[in-house]
Amino acid sequence: MNTRPPFPWTRRIASLGLLAGIIALLAMLAGPLYRAGMIGLGAAFSSVFFGYWLGLLAALFGVVALLLALFAQPRRYLVRALIAIVLGVIAFVPPMLFKHKAGSVPAIHDITTDTANPPPFQTLLAERADAPNSAVYGGAEVAAKQHAAYPDIQPLQFDAPPATVFKAALDSAKSMGWVIAAQVPDEGRIEATATTFWFGFKDDVVIRLRPEAGGTRVDVRSESRVGGSDVGANAARIRAYSRKLREAVGAH
């Protein structure tokens with residue numbers, strides 16, 4: 001049986017790719033470590049983007065080792081090369097998508113359906129006291145950026161009375177998995193906090209209900225406590241909540 005030995009560097013390249021992939025995946029644990037309070041935000045982001053480049057390197061090493069191994073009989077180190085590619089892609093793709101998303105949306109972190117008169121935070125002001133991002137709305141500049149990027153974020157109008165809509169609004173907020181901080185039917189106000197999965201970022205939401213045109217107008221505001229850009233998270237949250245609320249009110 002004819003055999004062709006692997007190129008001398010095949011094993012080393014495959015091993016380097018595998019090692020880089022493992023380290024890159026470990027770097028992704030920066031999110032949970034930040035959430036647990038074990039590292040700061042700057043260190044967490046640095047680790048994630050270190051893993052991003054290391055993941056790319058792991059995938060490239062894996063591809064090179066794979067191509068070299070294909071010329072050998074028996075085809076040794078194929079599995080090692082494939083694992084390096086898979087680990088590298090897992091570590092590289094999520095930060096790449098995050099980076100692309102960040103570049104496609106404005107660097108704002110406060111989204112509201114009413115930019116002229118945003119619903120104010122009241123109960124959650126104490127929780128936000130030490131937050132880097134102020135609870136005071138950013139004004140016309142932020143509003144202009146929001147309208148350009150998210151023109152669909154608009155007030156919600158319902159024919160149902162405020163009492164009916166309030167119950168649906170509260171139930172919808174709970175179904176989102178938010179922690180309810182305040183529910184004041186007489187004021188038409190609900191305040192809640194959403195926590196992101198990987199990093200555990202706290203984003204606060206205030207919902208305001210007012211009677212209007214024989215029905216109810218609902219405004220929603222979602223603001224991040226940290227970060228200059230929310231990478232579209234607050235707009236996505238308001239959209240998801242709006243869908244749930246429309247369904248809930250329609251079911252009554």
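By class, how many residues in the lining of the largest pocket are nonpolar, how many polar and how many charged?

Modeller: The model is predicted, and what follows should be read as a description of that prediction. By class, the lining of the largest pocket consists of 17 nonpolar, five polar and two charged residues. The volume of this pocket is about 670 Å³. It is lined by 24 residues, and those closest to its centre are Phe 45, Phe 98, Phe 199, Phe 201 and Val 231. Helix H3 (41-69) and helix H4 (78-104) are the elements that contribute two or more residues to the lining.

Val 231 belongs to the loop between E6 and helix H7 (233-251). With a relative accessible area of 15%, Val 231 is buried, because the cut-off for that class is under 20%. Its phi is near 55°, a positive value in a residue other than glycine. Most residues other than glycine have a negative phi. Ala 213 provides a second case, with a positive phi of about 55° although this residue is not a glycine either. Ala 213 is located in the loop between E5 and E6. At 83% relative accessibility, Ala 213 counts as exposed, whereas Val 231 is buried.

The surface also has a nonpolar feature. Ile 22, Leu 26, Leu 29, Leu 33, Met 38, Phe 197 and Trp 198 form a nonpolar patch there, and together they have about 740 Å² of accessible area. Trp 198 is partly exposed, its relative accessible area being 38%.

Charged contacts complete the picture. Side chains of opposite charge can pair when their charged atoms come close. In this model the count comes to 17 salt bridges. One of them joins the side chains of Arg 208 and Asp 114, at 3.0 Å from N to O. Arg 208 lies in strand E5 and Asp 114 in the loop between strand E1 (110-112) and helix H5 (140-149), so this pair ties together parts that are 94 residues apart in sequence. Both partners are buried: Arg 208 has 12% relative accessibility, and Asp 114 has a relative accessible area of 7%.

Another salt bridge is formed by the side chains of Glu 223 and Arg 128, at 3.2 Å from N to O. Since Glu 223 lies in strand E6 (residues 215-224) and Arg 128 in the loop between E1 and H5, the pair ties together parts that are 95 residues apart in sequence. Glu 223 is buried, with a relative accessible area of 1%, and Arg 128 likewise counts as buried, at 4% relative accessibility. The side chain of Glu 223 also meets that of Arg 221 in a salt bridge, at 3.6 Å from N to O. Arg 221 is buried, as is Glu 223. These contacts of Glu 223 belong to a network of salt bridges that links Asp 110, Arg 128, Asp 204, Arg 221, Glu 223 and Arg 225.

Notes. Residues are numbered from 1 along each chain as its sequence is written. This is a predicted model: local features need pLDDT of at least 70, side-chain atom pairs count only at pLDDT 80 or more; totals for chains, interfaces and linings use all residues. Side-chain values use heavy atoms; hydrogens and water are left out. Patches are made of residues with over 30% relative accessible area and no salt bridge: like charges are joined within 9 Å, nonpolar side chains (Val, Leu, Ile, Met, Phe, Trp, Tyr) within 5 Å. Accessible areas come from the Shrake-Rupley method with a 1.4 Å probe; for residues, only the protein chains shown count as cover. A salt bridge is a side-chain nitrogen of Lys or Arg within 4 Å of a carboxyl oxygen of Asp or Glu. Buried means under 20% relative accessible area, exposed over 50%, partly exposed in between (1.4 Å probe, protein chains only). On a 1 Å grid over the protein atoms alone, a cavity is a set of points where a 1.4 Å probe fits but cannot get out, and a pocket is an open set with protein on both sides within 12 Å along at least five of seven lines; lining residues have an atom within 4 Å of a point. Grid points are joined across faces, edges and corners, and a volume is the space filled by probe spheres set on the points. Helices (H or I, at least four residues) and strands (E, at least two) are DSSP runs, numbered from the N terminus. Ala, Val, Leu, Ile, Met, Phe, Trp, Tyr, Cys and Pro count as nonpolar, Asp, Glu, Lys and Arg as charged, and the others, Gly among them, as polar.
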